[in-house]
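Here is a short tour for a first look. Please have the sequence and the 3D view ready.

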Amino acid sequence: AVSCMLAAAARLCLRPNLPKVLRPTLTQHSFPSGRAALSRAYCMSTKRMAPTKIGTHDGSFHCDEALGCYLLKQTKQFREAEIVRSRDPETLGACDIVIDVGAVYEPENNRFDHHQRGFEEIFGHGFVTKLSSAGLVYKHFGREIVATTLALPESDPIVEKIYLKVYKSFIEGVDGIDNGVNMYDTDAPAKYSDNTGLSARVGKLNPAWNEDNSPATQMTQFTKAVALTGSEFDEAVKYYGLSWLPARKHVEQALDTAKEVHPSGEILKLPCYCPWKDHLFELEAERGTSPLPKYALYEDDKGNWRIQAIPLTPSSFENRKPLPAAWRGIRDSALDELSGIEGCIFVHAAGFIGGNKTYEGALAMATKALTMD
């Protein structure tokens, strides 16, 4: 029976009229005659049935290769792949794709390391942070992954928008931390430490120095890291695709009607609460908005109205025009009396946000705040 299979495989290889869809892996090779031809044909037919393998290094793991492995398993090509952790060149050489080990970046051969001398690959699109293995995988496979996560065709313009946004807001931080890139161009010591980020939490999944550190335990913990990074990646893609991006139209509306709210155009009325800051800065740049808005008004979930000072940048704690110093930390009737405006609820001690029971009251607070320090 085996010899019949081998003979049939050899005849299949040698048929000149073999349909094109069956020929690619067979016609790329020259087959010797006799038993060697039969053996090679049989090996090729069985190799195509072998499981796909994703290779990465063993030992201590980091956020970038954990996330990179998760990303690969979201692709059609590697969805069913087995993750192999090793530093043995022969073992890694048998893998279909290798990330974060091997000292080679050759996307055409599915080799994605970033540790080698001279490696300076960046994401492009205006980003200049050197890529980690997560960034490399995302650069080459990210559009497919985003499209699959959002159930959209890869050609949909939304996919490109979210592909870039997720790199900026999620992947680039992983790249920067893994490559030791400072967030700020300064030698000043940090004012506080934040060990709650994704990279830090992945690091804490490694077995401690005084715990079992066997390959089996490492693999168990690495699998947890893959799941952790993956769940947060999925949440990011879905947030930006299904919540963040649809808010843009509301910010456009607020800018379009700004001078109807106040003649200066410096007070925005959002039709509902939504993630507005990123969109505002993008739209201001696109439109050349001047003067820049100072306050945004929106209704909260209790039916009251908020007045929020617009920050200098989307992530800044400093504002274009904070609420008046005299109002900060004052509440309720005391704030009514001090401001001369009814319905006041509070102004935060830092001056970045305040509240009023009505839209008219919030607008009056914003209007008066424009004239005060």
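The report below covers a sheet, a helix that crosses it, and a pocket.

## The model

This is a predicted model. Every value here is computed from it.

## The open sheet

Five strands make up an open sheet. Their order is E2-E1-E3-E5-E4, and the pairing is mixed. Strand E2 (82–85) and strand E4 (105–106) stand at the edges. Each has a single partner strand, so one side of each is left without a neighbour in the sheet.

Strands of a sheet pair through backbone hydrogen bonds, in either a parallel or an antiparallel sense. Strand E3 (residues 97–99) pairs with strand E5 (residues 111–112) in the parallel sense. Two bridges link E3 and E5. Isoleucine 99 stands opposite phenylalanine 112, which lies in E5.

## A helix across two strands

Helix H9 spans residues 215–244. H9 lies across strand E1 (53–56) and E2. Its direction makes an angle of about 125° with E2.

## The largest pocket

The largest pocket holds about 2300 Å³ of space. It is lined by 43 residues. Closest to the centre are Lys168, Gly173, Met183, Tyr184 and Ser315.

Which elements give two or more residues to the lining? They are strand E7 (127–130), helix H7 (157–178), helix H8 (198–203), H9 and helix H12 (277–287). H7 gives the most, with eleven residues. By type, the lining residues divide into 19 nonpolar, 13 polar and eleven charged.

Terms used: Residues are numbered from 1 along each chain as its sequence is written. This is a predicted model: local features need pLDDT of at least 70, side-chain atom pairs count only at pLDDT 80 or more; totals for chains, interfaces and linings use all residues. Side-chain values use heavy atoms; hydrogens and water are left out. Two strands pair if DSSP finds at least two bridges between them. Helices (H or I, at least four residues) and strands (E, at least two) are DSSP runs, numbered from the N terminus. Contact means heavy atoms within 4.5 Å. Axes are lines fitted to C-alpha atoms, for helices over the stretch in contact, and angles run from 0 to 180 degrees between N-to-C directions. On a 1 Å grid over the protein atoms alone, a cavity is a set of points where a 1.4 Å probe fits but cannot get out, and a pocket is an open set with protein on both sides within 12 Å along at least five of seven lines; lining residues have an atom within 4 Å of a point. Grid points are joined across faces, edges and corners, and a volume is the space filled by probe spheres set on the points. Ala, Val, Leu, Ile, Met, Phe, Trp, Tyr, Cys and Pro count as nonpolar, Asp, Glu, Lys and Arg as charged, and the others, Gly among them, as polar.
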